[in-house]
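Please read these notes with the model open beside you. They take up a few side chains, one point at a time.

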Amino acid sequence: MNAPRNTPTFQLIGATAVAEVLNDRHQQVIELVSDIYRLHGNGGTTNPDSYFLRFPERPDARIIALPARIEDDREIAGIKWIASFPGNHTESGLPRASAVVILNDMATGYPFACIEGAAISSHRTAASAALGAGLLHPSRTAGSIAVVGAGPIARRILEYLRASGWKTDRYRVHDTVEGRAELLRDELTAQGARAEAVPDAEDAVRGAELVVLATTAAGPWLTDPALLTAGQTVLNVSLRDLGVPVVLAAQNVLDDIEHCMKANTSPHLAEQATGGRDFVAGTISDLIEGRIAPDPERPRIFSPFGLGVLDLALARYIHGEAVGRGLAVSDENFFGLA
């Protein structure tokens, strides 16, 4: 075999470098996510189904593969490989989620970077939520914000909401794990906000203009459609908290309809119950492009399944910044071709 003309270089970008690149870049990340949603809605991406690797002996754990391709002037492909092991909190003291993102060169197919992915997943999830919140609730003001699930994702979402201009009089926080709601309450109070820990989730949600659902619930438990009222906006980030009657009583916006109608998400259960998708108003791309508008007469629910193209776009951005700043660790002969 002839020697290659250009030996591929492989680069590692760890959590510290990712954090440095993303520091105070909230608005840029939200804009990047908006651009990718628009591109996705116009057919400029390839985003296959996610693959779930599950474990019978650990039913709460899973590892998910999210392959994707972005077809723009900087075309790229790649995959996020993300593990969710909720037992880590008590068994090992490690975070629940861990991930890497691999980037592939579209000219040769060779992987050229491996980037720490848990932070990427967290930032793109929060940016997506903040974008959806602003589109469905343009005033960006709320008498109260309910936070159900007081873990790292909720914290990141609140960070992005504040960075995108949201104002609130108070936060109402609920979590089923003892002490977590109180911890987030204290953090918010230390930041100068009014916050309270609420022992009942329905009490937290009732009357809150903005609701953040960021739990690890496996099935619906908020099932009373009277719980939500016109004008409320719900960020259904955890996807499985809401019962079918709640979904059917609301205006529903998804990030991708086909992806959301899987894995017994709340929208998927509503589809199974009704035999159709008439309850879906459209996608976030439709909101961005003005094809649909927020319905003031109903609660509004944004359900983002989480698209691999968002991880890929953010990883591409981080790679460019990290290389430019000298933060990437390069192996010139990773593939042994030199």
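1. Arginine 172 sits in strand 9, which covers residues 167-174. Strands here are DSSP runs of E with at least two residues, numbered from the N terminus. The structure is a predicted model, in which local features need pLDDT of at least 70, side-chain atom pairs count only at pLDDT 80 or more, and totals for chains, interfaces and linings use all residues. Residues are numbered from 1 along each chain as its sequence is written, and side-chain values use heavy atoms, with hydrogens and water left out.

2. Does arginine 172 count as buried or exposed? Arginine 172 is buried (under 20% relative accessible area; exposed is over 50%, partly exposed in between, with a 1.4 Å probe and protein chains only). Arginine 172 has no salt bridge, a salt bridge being a side-chain nitrogen of Lys or Arg within 4 Å of a carboxyl oxygen of Asp or Glu. The nearest side chain of opposite charge is glutamate 196, at 4.9 Å.

3. What does the side chain of arginine 172 reach? The backbone oxygen of alanine 204 lies 3.0 Å from that side chain. Leaving aside neighbours within four places in sequence, the residues in contact with arginine 172 (heavy atoms within 4.5 Å) include Ser144, Val147, Glu196, Asp203 and Arg206.

4. Side chains of opposite charge can pair when their charged atoms come close. The count of salt bridges comes to 21. One of them joins glutamate 75 to arginine 69, at 2.1 Å from N to O. Glutamate 75 counts as partly exposed because its relative accessibility is 32%; arginine 69 is also partly exposed, because its value is 29%.

5. Glutamate 271 and arginine 277 meet in a salt bridge at 2.6 Å, N to O. Glutamate 271 has 18% relative accessibility, so it counts as buried, whereas arginine 277, at 30%, is partly exposed.

6. Arginine 291 pairs with aspartate 286 in a salt bridge, with the closest N and O atoms 2.7 Å apart. Aspartate 286 is buried because its relative accessibility is 15%. Arginine 291 is partly exposed, with a relative accessible area of 46%.

7. A network of salt bridges links Arg25, Glu321 and Arg325.

8. Tyrosine 51 belongs to strand 3, residues 51-55. Tyrosine 51 counts as exposed because its relative accessibility is 54%.

Key: Helices (H or I, at least four residues) and strands (E, at least two) are DSSP runs, numbered from the N terminus. Lys and Arg count as positive and Asp and Glu as negative; His and the chain ends are not counted. A polar contact is a pair of N or O atoms within 3.5 Å; within protein, one must be able to donate a hydrogen and the other to accept it, and residues adjacent in sequence count only if both atoms are side-chain atoms.
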